[in-house]
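Keep the viewer open as you read.

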Amino acid sequence: VLVVRPLVVSFALALLALGCAPQVVRGGAGTANPKLDEPALGVGLDREDINYLVSENIDSLSKSRFWKGEVEGTKPLPTIAIWPIENRTTQHIEDSLVTILSSIETSFVNSGAVRVVAHSDQEALADEIRRQGGAMYDRATAQRAGRQLGAKYFVTGRITSVDEKLSNVRRLQYSLFLQVLEVETGLVKWQNEVTRSKQLKR
Amino acid sequence: MRRRGAALLCCAALAAGCATYSDKLRAAHEAADREDWPEAERQINRMIGVDSRAELPEVWNSEKSLAVLERSVVLMAQDAWRESSRDLSAAESELEVIDLKLDTVGKIGAYVYSDSAEEYRASPVELTTLNAINMLNYLAMSDLDGAAVEARRYQVMRDYLETLGAEEPRARLGAYLAGFVFERLGESDRALRYYEDVAGERKLESLDAAIARRARPASGEVLVVIAGGRAPYKVPKRIPIGAAVGIAGTYITGDPRVLEHSIFKVVVYPELEAAPSEVSGGRVRIGDREWETELVSDVAADVAKEYDAIKPRILGAALTRMIARALVSEGTIAAGRRAGGAGELVGILAALGTEAALVGLDKPDTRSWTFLPARVWAARVPVAAGAHDVVVEVAGSRTVERRIPVEVAPGGCAVVVVAEPR
């Protein structure tokens, strides 16, 4: 009994500890918790929102007359560069913007219809934009950078938000606006806007 | 006898253990007065329950949210802009969650025991100044996009306060800075609206040129901002009950006549006390030219005005709690009387003990953002593109000189922020 009792106590304590310890679970496709990413945990942009905003925009682009007529099947493949997305929201979403850019870049590369200037090769452009003090699209800079990068088109855009707070509710309506501009002419070849709302309620 | 002694000891311990928020910050304030910013930071870190500025609270509550706000200003005094902005954003999120949890604006005095048992709801001055202070952090880091996010948040807060019907604070620091940010981002119309907002209340020479050019960006300039002193803070103060009833008026719930039987003839409430400031503006020198800064925002005056408006409610809440305690005490006496004989004496003693214990637990709510800068001065200096040494002379009881090198791009700007919360 004297030998068994400490063992039982240790086992019980271990069980208790397990019961009290924070639990970590794996989620997403192919796991036991495929819907783990679905609940919103805040009013910021999460992966679900980003996937939705980007995929809806890319879907609109791929169905557009511009894409079907001037991009798909064109030889040599036209080159696209990506101008930073402007943050015009009330949230500090720098990390989300990086994810948005990466998602857009991935979609273009995987389409096989265009050549994409890697984001890492656009450091000079990024520096220049930083010096300007904002990510707003500037045609003169875009033309200069576009020629250097050998890009025919720039993809750019902005994310905006309508942020409202009333009594016990806070609601943010995000819009991801994307457009494709021809570097030489500055003409808008395509543009689209997708929205998503988040709400925090008592 | 031994039991009564123990009871009294308990009451004393309870009373002693109830240091108010401003009491806990005293050491940090004293360190700041000596310009010992690392010590002020260490004291605040102790309140937050962390070892360094790299850490945020693991578990948040009202007091920790406020302490993180306090730390943000002490970090600004050490030019730790990034850490300060992180603190402000984190504390703002926590205060927002608290704000959404509470019911009506200005809800005070719902508890029998203490105001400070409630969650802290930041005041309109604090809420609007928070985003303005964070704009300064981003501007000091030359991050116009980040500053623009704070400028938009500032507007959301103003709109929110308007919908609540709260009297909007006069402090226009946020509008001044938002105007500057949007002017530099080329959003002239929006910038102009903010400038006109500021000019509608106070004529500022530093905005004359910007308004005259319809907020189109100047060719090159340096904005210098001095955030000095600390806003008034609350301390526990005693006031005779009669005087308190006169001030509180209709904000008292219950019949104050019951207090005539109370053993306590004074009420303790949080009174606003000015924090003597050692900073009174400053001068800017670039090359051989010199500019005076001008007062953009008197935050201390706004805090005082806000407090004066709410003071009757604060006293009303304190008196309401006293009435509740006195009723508990009267109930105990009545029970003793019903028992008769020795029970009556026991009832009276128990009533005294109960009331004393409840008073020991009652501490006035002295919570506020005490390191909030008392006054903010600014100067806008036109300069040519290139490198400049900006010398800022902070005036006051002791003149302090800060030399900050800046680089101004063609057509661009630089922002110099000097925070002296002493």
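In chain B of this predicted model, helix H9 (residues 173-184) and helix H10 (residues 188-199) have axes that come within 8 Å and cross at roughly 160 degrees. Helices here are DSSP runs of H or I with at least four residues, strands are runs of E with at least two, and both are numbered from the N terminus. The axes are lines fitted to C-alpha atoms, for helices over the stretch in contact, with angles running from 0 to 180 degrees between N-to-C directions. H9(B) and H10(B) are therefore roughly antiparallel to each other; angles under 35 degrees count as roughly parallel, over 145 as roughly antiparallel, 65 to 115 as roughly perpendicular and the rest as oblique. Their crossing is left-handed, meaning that the near helix is turned anticlockwise from the far one by less than a right angle, while clockwise would be right-handed.

Which residues make the contact? From H9(B) they include B:Ala175, B:Phe180 and B:Phe182, and from H10(B) they include B:Ala191, B:Tyr194 and B:Val198. Contact means heavy atoms within 4.5 Å. The residues of this contact divide into 9 nonpolar, 2 polar and 3 charged, where Ala, Val, Leu, Ile, Met, Phe, Trp, Tyr, Cys and Pro count as nonpolar, Asp, Glu, Lys and Arg as charged, and the others, Gly among them, as polar.

H9(B) also packs with helix H8 (residues 144-164) of chain B, at an angle of about 135 degrees and with the axes 9 Å apart. That angle makes H8(B) oblique to H9(B). Among the residues in contact are B:Leu144 and B:Tyr154 of H8(B), along with B:Ala175 and B:Phe182 of H9(B).

Now turn to the sheets. An open sheet of 4 strands in chain B runs in the order E5-E4-E8-E9, with antiparallel pairing; two strands pair if DSSP finds at least two bridges between them. E5 (289-292) and E9 (400-408) stand at the edges with a single partner strand each, so one side of each has no neighbour in the sheet. From one strand to the next, the twist averages 25 degrees.

You can follow this sheet strand by strand. E4(B) and E5(B) pair over 4 bridges and form a hairpin with 2 residues between them, where B:Gly287 in the turn has a positive phi of about 65 degrees. E4 (residues 279-286) pairs with E8(B) over 6 bridges, and B:Val284 stands opposite B:Val392 in E8(B). E8 (residues 386-396) then pairs with E9(B) over 9 bridges.

Another open sheet of 4 strands in chain B has the order E6-E7-E1-E10, and its pairing is mixed. Its edge strands are E6 (294-298) and E10 (413-420).

Finally, look at where the chains meet: 19 residues of chain A are in contact with 22 residues of chain B. The buried area is about 1,900 Å², of which carbon and sulfur atoms give 52%; this is the accessible area (1.4 Å probe) that two parts lose on being put together, summed over both. In chain A, A:His92, A:Lys165 and A:Arg202 lose the most area to chain B, together 34% of what that side buries.

A few conventions: residues are numbered from 1 along each chain as its sequence is written, and chains are lettered from A and ligands numbered from 1 in the order in which they are written. Local features need pLDDT of at least 70, side-chain atom pairs count only at pLDDT 80 or more, and totals for chains, interfaces and linings use all residues, while side-chain values use heavy atoms, with hydrogens and water left out.
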